[in-house]
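User: I would like to learn how to read the features of a protein model, one at a time. Could you show me the structure and then take me through it?

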Amino acid sequence: MGTTDSGMIGGRLTPGQYEVNFADLHPRLDEHEALVASDRCYFCYDAPCMTACPTSIDIPLFIRQIATGNPIGSAKTIFDQNILGGMCARVCPTETLCEEACVRMEAEGRPVAIGRLQRFATDIAMAEGRQFYERAPSTGKTVAVVGAGPAGLACAHRLAVNGHDVVVYDAREKAGGLNEYGIATYKATDDFAQKEVDYVLAIGGIEIRNRQMLGRDITLADLLARHDAVFLGIGLTGVNALRTEGEAAEGVGDAIDFIAALRQSQGKTDIPVGRRVVVIGGGMTAIDAAVQAKLLGAEEVTICYRRGREHMNASPYEQDLATSRGVTIRHGLQPRRILVREDGKVAGIELDYTTDVDGRLVATGETGMLAADHILKAIGQTLEADPLGIVALQSGRIVVDTEGRTSLDRVWAGGDCRLGGEDLTVSAVAQGRDAAESIHRTLMAENHPAVAVA
Amino acid sequence: MADLRNTFVGIKSPNPFWLASAPPTDKAYNVERAFKAGWGGVVWKTLGEDGPPVVNVNGPRYGAIWGADRRLLGLNNIELITDRDLYTNLREMKQVKMNWPDRALIASIMVPCEEESWKAILPLVEETGADGIELNFGCPHGMSERGMGAAVGQVPAYIEMVVRWCKQYTRMPVITKLTPNITDIRHPARAAKAGGTDAVSLINTINSITSVNLDTFAPEPSIDGKGSHGGYCGPAVKPIALNMVAEIARDPETHGLPISGIGGITTWRDAAEFLVLGAGNVQVCTAAMTYGFKIVQEMITGLSTWMDAKGHRTLDDITGRAIPNVSDWQYLNLNYVAKARIDQDACIKCGRCHIACEDTSHQAITQYVDGIRHFEVMEDECVGCNLCVNVCPVQDCITMVALPPGTLDERTGKVVDPAYANWTTHPNNPMSRPAAE
């Protein structure tokens, strides 16, 4: 039976409860549901949903294809723009993208279920193993993609479509990046991230080399020597620290590690969680960590965010999801110090109340205390810049032009590592895809040098 | 409360809602349930002549088309007339009429196109106490291949002949049911009138194939891999039926001939439309076959509420009221000018009005104004065609607004003339020009 004892403990729940708690958040619509949902689409002209999608999927068309009994054609419409359309259907914050723009929102405050319809079509095509793309004849060019996350996979696929040979170097055990390691378990069940990687790789011409970290196992100079072009989709692998007293206490950890461990765990009983969990941060990572802590059986889970609700990066939908699972979200609280027991374990956290003075966050002088045996930090990630050498950075991100080109010749970048990245899977896909097209144009121009005509 | 009592060719019923001759009126069990639910009358499913009963197919009899969320929009069938023994039907009809004296009970009849056949069956029906007979000249499948049903209804001379026999051999009112599978409904109606019919009822079902199975290449409904055209009915046929009713109602030769309106009537509003176009009552089938008999409650209360709201006390106050407004095209007022107007507060910016107009009509609706997605009618291009109104998903968002006389029509550059003028007097009409001197 489960336990509510203090301390970091795995197996707080019975095995059956884990299965229920970590089941698919939004199971695939069945055929009837999909027909009903798709019928609500007005097939808008120059549709606002399509404009709102970072990958510009032709949403009215793919929904009409579902409505007319053609989910395979629908899937192709989706994949044409977004080869990771399956994962995006699961993790996109549709409520702030396509579904927010849906004219049904204006009409009645309830959008067409675009995300769930996208999943319906892509799931069917992927389950049938339907591949829609063939490689163009080989160009003889080779491109290195660093990072097998959404940006890298999208880039690699589009490069392969265009006939280039691609080698994807990834630091971790498995490809997928944040899709594999950074997303709440209930959003990508049944090992979907790996299935999607396999689906993307099925086109051929893409070799994945795991445990190859830039700066540790490979260098940018090596890659430029071996390949005709390099795409950097390295994400943000550094983690911000609180820089407060007690941060090293046992029971204080990074939310992204917690989320990654959960994703890699089969039964979830091996993932320790506290009785009283405090999550520091206000983004999606904070929400994913907090909700899953609760699902693991924590008695109290509190998100502490230093500013007001309106500043939270987590969408209102995600916030509602968290509160519906019993997570408490508190605003205007900033860590002051972590309280540590004599045995080195965390005992709680002292927080400063904050207020906004002319857009600047200041402590009011009032403080509060929360008992905690588990503290998760979700206060943002940083770019590991050292291996990038002379590649130009700004605000700790890689500077790129509109095509995704960095300051360094033959090097492109996309995804979270690039300046203006939006911490969104779907944006990373768009940037990877578009960088691939830019790389393709550049490499092909080399084959046909411009000739001056007198 | 509006008085919904109905008298149609002398037949009284508590309301104008009858069930049409079809599966719902096949036997006493169904009809009793219908009367309990509140139906004003029934036309008993068509009786054939004495002898071995008709046989039906043993596979699917119905096919359908659907709208959103599988709402049934059109139904077709290949069922024949009653497949029960004639005397069983007659016995049940007599009993039901005794049990429900205030409801109308009409016998639908279809026998071979021979005088003796009609002469033989009419006294048998009369003996049941039925209030009248309806001649089934409409059934488009199966029976028509045997020279009955639509095969009679498509030849006006046969209609007149059979109606004459019926008027000769029975005192019961005769309602002649017409097939829509002809080019001009006025001809069979005139023939029925010439034969002395008391009324016509229409429309019967329309020849149709509802769909084709793309795996088997067989039409639906499919019987062992083959299909036959069936009779189409349901909401989809209503516009066709309304026009045919109106054509008969405004034809000088048949004007005033009582009409029982049939064809896709699903709600009180549908029924009211038939009544104001000249129907003395209405018959319903598909709606009952889709939702059951209870729908009559909605029809009764809906019609009554509308009549109360408009101050109409009896059905006579509304019957035929729209007939004077059904016109030939040539008499429509060409000086009437309307423009579409989009209510920007109601607009949800789907863009369908724009693309419909841009791709398929008159390029009269903007997509962007000052760089912002904004749909607005350009009056100098709008011909007032109403397509945008019809494709807009938001009710009353786009409306047609008549330009008052004296205002400028920006498209034509002409001032709207208050005078009525139609094609017969239009200068572009060669027939309207004065003869050369």
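This is a predicted model: local features need pLDDT of at least 70, side-chain atom pairs count only at pLDDT 80 or more; totals for chains, interfaces and linings use all residues.

User: Where do the two chains touch?

Analyst: Two residues are in contact if their C-beta atoms, placed from the backbone, lie within 7 Å, and by that rule 12 residues of chain B are in contact with 10 residues of chain A. On the side of chain B that touches chain A, the residues divide into six nonpolar, three polar and three charged, where Ala, Val, Leu, Ile, Met, Phe, Trp, Tyr, Cys and Pro count as nonpolar, Asp, Glu, Lys and Arg as charged, and the others, Gly among them, as polar.

User: Which residues of helix α14 of chain A are buried, and why are they on the same side?

Analyst: An α-helix has 3.6 residues a turn, so residues three or four places apart point the same way. In α14 of chain A (residues 255-264), the buried residues are A:Ala255, A:Ile256, A:Phe258, A:Ile259, A:Leu262 and A:Arg263. They cover an arc of only 160 degrees around the axis, the arc being that of the directions from the helix axis to the C-beta atoms, and this puts them on the same side of α14(A).

User: How are helices α5 and α9 of chain A placed against each other?

Analyst: Axes are lines fitted to C-alpha atoms, for helices over the stretch in contact, and angles run from 0 to 180 degrees between N-to-C directions. The axes of α5(A) (residues 71-81) and α9(A) (residues 114-127) come within 8 Å and cross at roughly 105 degrees. That makes α5(A) roughly perpendicular to α9(A), since angles under 35 degrees count as roughly parallel, over 145 as roughly antiparallel, 65 to 115 as roughly perpendicular and the rest as oblique. The residues of this contact divide into eight nonpolar, three polar and no charged; among them, A:Ile78 belongs to α5(A) and A:Phe120 to α9(A).

User: How should I read a sheet?

Analyst: Two strands pair if DSSP finds at least two bridges between them. In chain A, five strands form an open sheet with parallel pairing in the order β3-β2-β1-β4-β17, and its edge strands are β3 (206-209) and β17 (411-413), each of which pairs on one side only. Four bridges join β2(A) (residues 165-169) to β3(A), and A:Val166 stands opposite A:Ile206 in β3(A). Helix α17 of chain A (residues 425-447) lies across β1, β4 and β17 of chain A, running at about 170 degrees to β4(A).

User: Which sheet of chain A has antiparallel pairing?

Analyst: One is an open sheet of three strands in the order β10-β11-β12. There β10 (333-340) and β12 (360-371) of chain A stand at the edges with a single partner strand each, so one side of each is left without a neighbour in the sheet. Nine bridges join β11(A) (residues 346-357) to β12(A), and A:Leu351 has A:Gly368 as its bridge partner.

User: Which way do the residues of strand β8 of chain B point?

Analyst: In a regular strand the side chains alternate between the two faces of the sheet. B:Gly132, B:Glu134 and B:Asn136 point one way from β8(B), and B:Ile133 and B:Leu135 the other way. Five of the five residues of β8(B) (residues 132-136) are buried, so this strand is largely enclosed by the rest of the structure.

User: Is B:Pro52 buried or exposed?

Analyst: B:Pro52 has 7 C-beta neighbours inside 10 Å and therefore counts as exposed; its place is in the loop between β4 (41-47) and β5 (62-66) of chain B.

Methods:
Residues are numbered from 1 along each chain as its sequence is written. Chains are lettered from A and ligands numbered from 1 in the order in which they are written. A residue is buried if 20 or more other C-beta atoms lie within 10 Å of its own, exposed if 12 or fewer, and partly exposed in between; C-beta atoms are placed from the backbone. Helices (H or I, at least four residues) and strands (E, at least two) are DSSP runs, numbered from the N terminus.
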